[in-house]
Amino acid sequence: MRDISDAIADHTGLSRRVLEYSAVMKQLVDAAKQPRFSEASWAPLAAFVATDVFERVGNFKEVMRWPDYIAFLTQWAMHSEWEGSFKRVTEAPGLVLLELEERSAVGGYKSVVNSVSVYVFNDAGKITHLDIYLQMELPDPAMLQGYEGVRISA
């Protein structure tokens, strides 16, 4: 496995955009520990997204629009460490599947998960939809506290 940023040069098209999005995500998660970090700090990530129609369906089938996602990311990133290793990327017209090994630490909880993220693009090359699928050990209930106030589908 390789670092996500090392895999960028080997890809073109929408696959490259997804890898660049992931590299920017890593930069911003690292930057979130700085005192002036805010929801506005996610602007570099927003450049990849059709923010007016964006929808994310997460690990627990929770659905978020862009403003909700940025609020969620801000709180998560301020208290978390995150990194990913590239496994594979698959591209079809308007669609990219990215497989990573993701490592994160939230408080005292550390996890390693296999993820598949499905990115849907509009004709302008902007992300309109993101689905997240994870393989992981059962989480510590304390980890789920970060989802307080987020509607999780049953």
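**Reading the strands and the fold**

Me: Where do I start with strand pairing here?
Reply: Start with S4 and strand S5 (residues 95-106): 12 bridges join them, and the two run antiparallel. Keep in mind that this is a predicted model.

Me: Which residues stand opposite each other in that pair?
Reply: One example is Phe 86, which stands opposite Leu 100 in S5. As a general idea, side chains in a regular strand alternate between the two faces of the sheet.

Me: How many residues lie between the strands in the hairpin of S4 and S5, and which one takes a positive phi?
Reply: The hairpin has 2 residues between the strands, and Gly 94 takes a positive phi near 70 degrees.

Me: Which strand does S1 join?
Reply: Strand S1 (residues 2-3) is joined by 2 bridges to strand S4 (residues 80-92), again running antiparallel. There, Asp 3 stands opposite Ser 85 in S4.

Me: Now zoom out. What pattern does the protein chain follow along the sequence?
Reply: You get β-α-α-α-β-β-α-β-β-β-β, with 4 helices and 7 strands in the chain. The radius of gyration is 15 Å, close to the 15 Å that the globule rule gives for 154 residues, so the chain is as compact as a globular protein of that length.

Me: What about burial and contacts?
Reply: Buried residues, meaning those under 20% relative accessible area, make up 43% of the 154 residues. Among contacts between residues at least 6 apart in sequence, 52% join residues at least 24 apart.

Me: And the surface and charges?
Reply: The chain exposes about 8,500 Å², with carbon and sulfur atoms supplying 53% of it. The mean positions of its 15 positive and 21 negative charges are 1 Å apart.

Terms used: Residues are numbered from 1 along each chain as its sequence is written. This is a predicted model: local features need pLDDT of at least 70, side-chain atom pairs count only at pLDDT 80 or more; totals for chains, interfaces and linings use all residues. Side-chain values use heavy atoms; hydrogens and water are left out. Two strands pair if DSSP finds at least two bridges between them. The radius of gyration is taken over C-alpha atoms; the globule rule is 2.2 Å times the number of residues to the power 0.38. Buried means under 20% relative accessible area, exposed over 50%, partly exposed in between (1.4 Å probe, protein chains only). Contact means heavy atoms within 4.5 Å. Accessible areas come from the Shrake-Rupley method with a 1.4 Å probe; for residues, only the protein chains shown count as cover. Lys and Arg count as positive and Asp and Glu as negative; His and the chain ends are not counted. The place of a charge is taken as NZ of Lys, CZ of Arg, CG of Asp or CD of Glu.
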